[in-house]
Amino acid sequence: MTENSCGPHCARLCTTDGLVEVLAAERGLLHWRALRDLGDSGLAEHAVQETLLRGWRACGDFDVRKGSVRTWLLAIERNVVVDIVRARAIRPGDVGWTDLTEVTGCGGPDFADGLVDGLLVDDLLSRLPEPQRAAVVEVILRDRGYREVAEDFGVPVGTVKTRVHYALRSLRQLPEVA
């Protein structure tokens with residue numbers, strides 16, 4: 001690795017000193033966010049490593065005018081987490097909880113918590129008008145694009161965006177559940 005080998009907008013991940021600095025400053029935050037989003041320390045560590053690898057590969061694409069290295073890495077990590085979640089959704093049977101617990105040393109999921117969370121989401125969604133509920137389910141829960149959902153519903157994209165906006169606003173105004 002040579003200093004400033006990427007160009008004028010280098011994130012310094014391509015240099016030994018830069019990589020050490022980024023690891024020292026950002027690894028904890030990256031791991032915490034991945035763990036929060038994925039719920040598994042082994043997958044979180046994989047997400048951090050993949051984030052740093054993608055950052056290293058795209059080091060020359062970093063543009064300080066658009067934000068800090070931290071912000072850039074968090075955006076990369078968000079994409080990595082989405083990729084991991086989608087891969088797990090496509091092949092949910094490939095890795096079982098027993099396989100994950102052997103590798104990571106963590107216990108299995110708490111299915112009671114998952115059931116309660118599902119019931120809570122179902123209860124919250126039932127409080128929304130049907131058009132808003134359908135938009136939230138498709139855009140947020142099924143992670144589909146606004147344009148795709150609008151085509152399926154036969155409405156303009158702006159209508160789907162408005163439905164999601166007002167649904168989320170309504171849900172935020174509900175009293176907190178203890």
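1. A quick word on terms: a residue is buried under 20% relative accessible area, exposed over 50%, and partly exposed in between, using a 1.4 Å probe and protein chains only. G145 sits in the loop between α6 and α7 (146-153), and its C-alpha lies 9.6 Å from that of V157, twelve residues away in sequence.

2. Some housekeeping. This is a predicted model, where local features need pLDDT of at least 70 and side-chain atom pairs count only at pLDDT 80 or more, while totals for chains, interfaces and linings use all residues. Residues are numbered from 1 along each chain as its sequence is written, and side-chain values use heavy atoms, with hydrogens and water left out.

3. On the overall fold, the protein chain has eight helices and zero strands. Helices here are DSSP runs (H or I, at least four residues), strands are runs of E (at least two), and numbering goes from the N terminus. Of the 178 residues in the chain, 26% are buried. Contact means heavy atoms within 4.5 Å; among contacts between residues at least 6 apart in sequence, 52% join residues at least 24 apart.

4. Helix α1 (residues 16-38) contains E26. This glutamate is buried, with a relative accessible area of 11%. Not counting residues up to four places away in sequence, E26 touches R70 and L73.

5. Now helix α2 (residues 41-57). Its 17 residues should span 24 Å at 1.5 Å a residue, and the end C-alpha atoms are 24 Å apart, so the two agree; the expected span is 1.5 Å times one less than the number of residues. At the start of α2, a side-chain oxygen of D40 comes to within 3.0 Å of the backbone nitrogen of G42. The buried residues of α2 are L43, A44, A47, V48, T51, L52 and G55.

6. V81 belongs to helix α3 (residues 69-90) and is buried, at 7% relative accessible area. Leaving aside neighbours within four places in sequence, V81 is in contact with A34, D37, L38 and A47. The C-alpha atoms of V81 and A44 are 8.5 Å apart, although 37 residues separate them along the chain.

7. Next, α6 (residues 130-141) against α8 (residues 157-172): their axes come within 8 Å and cross at roughly 100 degrees. Axes are lines fitted to C-alpha atoms, for helices over the stretch in contact, with angles from 0 to 180 degrees between N-to-C directions. The two helices are therefore roughly perpendicular, a label for 65 to 115 degrees (under 35 is roughly parallel, over 145 roughly antiparallel, the rest oblique). P131, Q132, A135, V136, V139 and I140 of α6 meet V160, R163, V164, Y166, A167, L168 and S170 of α8. By class, that contact has ten nonpolar, two polar and one charged residues. Nonpolar covers Ala, Val, Leu, Ile, Met, Phe, Trp, Tyr, Cys and Pro; charged covers Asp, Glu, Lys and Arg; the others, Gly among them, are polar.

8. Finally, the axes of α7 and α8 come within 8 Å and cross at roughly 105 degrees, so α7 and α8 are roughly perpendicular to each other. Y146, R147, V149, A150 and F153 of α7 make the contact with V157, V160, K161, R163 and V164 of α8. These residues divide into seven nonpolar, no polar and three charged.

Note on methods
A polar contact is a pair of N or O atoms within 3.5 Å; within protein, one must be able to donate a hydrogen and the other to accept it, and residues adjacent in sequence count only if both atoms are side-chain atoms.
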